[in-house]
Amino acid sequence: NAMTYRKAELRFRFYATYQELGEYLGEIESMDQLVVVRSVSLQYNGTTYPELAADVTIWLYGTP
């Protein structure tokens, strides 16, 4: 049987340390659904360091 999947693109902005961001993205990729971390863009701000801003794009696939 063929099954149809739909893709949802989710975009988030996170504020966390580099290690915390890595742990969070690892948890996302280990979800039961098909999840692809498509892009991560880190932004450094000297006044908030070690906290970074990260723009993350995730593709989430699921059945309708």
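These are my notebook entries on what I looked up in this predicted model.

**Entry: ground rules**

I number residues from 1 along each chain as its sequence is written. Because the model is predicted, local features need pLDDT of at least 70 and side-chain atom pairs count only at pLDDT 80 or more, while totals for chains, interfaces and linings use all residues; side-chain values use heavy atoms, with hydrogens and water left out.

**Entry: the chain as a whole**

I looked up the secondary structure and found 1 helix and 3 strands. Helices (H or I, at least four residues) and strands (E, at least two) are DSSP runs, numbered from the N terminus. From the N terminus on, the order of elements is β-α-β-β. The radius of gyration, taken over C-alpha atoms, is set against a globule rule of 2.2 Å times the number of residues to the power 0.38. I noted a radius of 14 Å, well over the 11 Å that the rule gives for 64 residues, so the chain is more spread out than a compact globule. Along the principal axes, the C-alpha atoms fill a box of roughly 55 × 15 × 15 Å.

I then checked burial, where buried means under 20% relative accessible area, exposed means over 50%, and partly exposed lies in between (1.4 Å probe, protein chains only). Of the 64 residues, 22% count as buried. For contacts (heavy atoms within 4.5 Å), I took those with a separation of 6 or more; residues 24 or more positions apart account for 65% of them.

**Entry: the sheet**

In what order do the 3 strands lie in the sheet? I read β1-β3-β2, in an open sheet with antiparallel pairing. Two strands pair if DSSP finds at least two bridges between them.

I counted the bridges from β1 to β3 as 11. As an example, Phe-12 has Val-56 in β3 as its bridge partner. The helix α1 lies across β1, β2 and β3, and runs at about 165° to β2. For that angle, axes are lines fitted to C-alpha atoms, for helices over the stretch in contact, and angles run from 0 to 180 degrees between N-to-C directions.

**Entry: the nonpolar core**

A nonpolar core is a set of buried Ala, Val, Leu, Ile, Met, Phe, Trp, Tyr and Cys residues joined through side-chain atoms within 4.5 Å. I found that the largest one has 10 residues, among them Phe-14, Leu-25, Val-35 and Ile-58. β1, α1 (18-29) and β3 each supply at least two residues of this core. β3 gives the largest share, 4 residues.

**Entry: salt bridges**

Side chains of opposite charge can pair when their charged atoms come close. I used the cut-off for a salt bridge: a side-chain nitrogen of Lys or Arg within 4 Å of a carboxyl oxygen of Asp or Glu. The whole structure holds 2 salt bridges.

One joins Glu-9 and Arg-11, at 2.8 Å from N to O. Glu-9 is partly exposed at 40% relative accessibility, and Arg-11 is exposed at 63%.

The other pair is Arg-13 and Asp-55, with the closest N and O atoms 2.7 Å apart. This pair links distant parts of the chain, with Arg-13 in strand β1 (residues 6-16) and Asp-55 in strand β3 (residues 52-62), 42 residues apart. Arg-13 is partly exposed at 43%, as is Asp-55 at 24%.

**Entry: single residues**

Is Thr-57 buried or exposed? I noted it as buried, with a relative accessible area of 13%. Thr-57 is in strand β3. Leaving out residues up to four places away in sequence, Thr-57 touches several residues, including Leu-10, Arg-11, Val-36 and Val-37.

Tyr-44 is in the loop between β2 and β3, and is exposed at 61%.

I looked at the peptide bond from Tyr-49 to Pro-50 and found it cis, with omega near 20°. Pro-50 is one of the residues that Ala-16 touches, not counting those up to four places away in sequence.
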